[in-house]
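The following note sets out numbered points on the structure shown below.

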Amino acid sequence: MSGAQVVEADLTWTGERFEPGVQIAIGEDGRIAAACRLGQRPTRRLPECALLPGFVNAHSHAFQRALRGRGERFPAGAGSFWTWREAMYELVEQLDAETFHAVCVQAFGEMLDAGITTVGEFHYFHHSSPGATDFALDRIVLRAAREAGIRIALLNTYYVTGGVGRPLAGAQRRFDGISLASYWAQLDRLDALRDPATQTLGAVAHSVRAASPGDIKAIHGEARRRGLVFHMHVEEQPAEVDDCV
């Protein structure tokens, strides 16, 4: 949508209810300037439609769009969180940077089609290969969001252990946050790359099994100092909760 417009649907959500007669004024920059009873002649009328604000997907793993149909293919009664996670790790081992980019664009585009206009992307799939420490996929997430046209809070994730007291192994090595110093240095690089109008950053510890309590505390403290949101998986599966306890 380009150019100044006044849009009116049969009903518009005002925060408390759907109401008729509410008009949306859109400026030349494509941004909403007002949403109220303007009393103007609409330039675009939407009959038999209701308008709502864009939805927010607060916790996404975009690359897992390519997992659809993989983890569900097991005999009845044989599947579990663990079989799903093995399917996810198999996907991680297969995805290269080009395919990862395509999957992210697809996932973000489908969100927009469903009315989601902002995504909190809980992103821990950092490196282009198991042996790399390039954080190359972080930049691709920002690029994919820009190409799809969705606002994004890139919740860049610190992930350094494969379980409580256990090293990363196999596909998990592509998630490696390396160290707190590396993590914050990468966040600074992403801050310089992001589109300030549509892209923000957040600080994340993946979980108690993937980061030590000391590291979680340090990330939370630095996030508060920088004015960043802090995010993490609190619990994921009963056996992992028992390990954490």
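1. Helix H2 (residues 97-113) and H3 cross in a right-handed sense. In this predicted model, the two axes come within 9 Å and cross at roughly 40°. H2 and H3 are therefore oblique to each other, since the range counted as roughly parallel ends under 35 degrees.

2. Which residues of H2 and H3 make this contact? On the H2 side they are Ala 97, Phe 100, His 101, Cys 104, Val 105, Phe 108, Gly 109 and Leu 112. On the H3 side they are Leu 137, Ile 140, Val 141, Arg 143, Ala 144, Ala 145, Glu 147 and Ala 148. By class, twelve residues of the contact of H2 with H3 are nonpolar, two are polar and two are charged.

3. Cys 104, one of the H2 residues in that contact, is buried, with a relative accessible area of 1%. Cys 36, by contrast, counts as partly exposed at 36% relative accessibility. A disulfide is a covalent bond between the sulfur atoms of two cysteines.

4. H3 passes H4 in a right-handed crossing.

5. In the packing of H3 on H4, Asp 138, Arg 139, Leu 142 and Arg 146 of H3 meet Gln 186, Leu 190 and Leu 193 of H4. The classes represented in this contact are three nonpolar residues, one polar residue and three charged residues.

6. H4 packs in turn with helix H5 (residues 213-226), the axes being 11 Å apart and the angle about 30°. H4 and H5 are therefore roughly parallel to each other. The passage of H4 across H5 is right-handed.

7. What does H4 bring to its contact with H5? Leu 180, Tyr 183, Trp 184 and Asp 188 in H4 meet a set of H5 residues consisting of Asp 215, Ala 218, Ile 219, Glu 222, Ala 223 and Arg 226. Of the residues in the contact of H4 with H5, six are nonpolar and four are charged, with no polar residue.

8. Ile 178 is found in the loop between strand E8 (151-158) and H4. Is Ile 178 buried or partly exposed? With a relative accessible area of 38%, Ile 178 is partly exposed, as this value lies between the 20% and 50% cut-offs. Leaving aside residues up to four places away in sequence, Ile 178 touches Thr 133, Phe 135 and Val 160.

9. The C-alpha atoms of Ile 178 and Ala 223 are 18 Å apart in space, and the two residues are 45 residues apart in sequence.

10. For the chain as a whole, the secondary structure comes to six helices and ten strands. The C-alpha trace spans about 65 × 50 × 35 Å along its principal axes. Of the 245 residues in the protein chain, 40% are buried. Among contacts with a separation of 6 or more, 69% are between residues 24 or more positions apart.

How values were computed
Residues numbered from 1 in each chain as written. Predicted model: local features only at pLDDT ≥ 70, side-chain atom pairs only at ≥ 80, totals over all residues. Heavy atoms only, no water. Left-handed = near helix turned anticlockwise from the far one by under 90°. Helix = DSSP H or I, 4+ residues; strand = E, 2+ residues; numbered from the N terminus. Contact = heavy atoms within 4.5 Å. Nonpolar A, V, L, I, M, F, W, Y, C, P; charged D, E, K, R; others polar. Buried < 20%, exposed > 50% of the residue type's maximum accessible area, 1.4 Å probe, protein only. Axes fitted to C-alpha atoms, helices over the stretch in contact; angles between N-to-C directions. Parallel < 35°, antiparallel > 145°, perpendicular 65-115°, else oblique.
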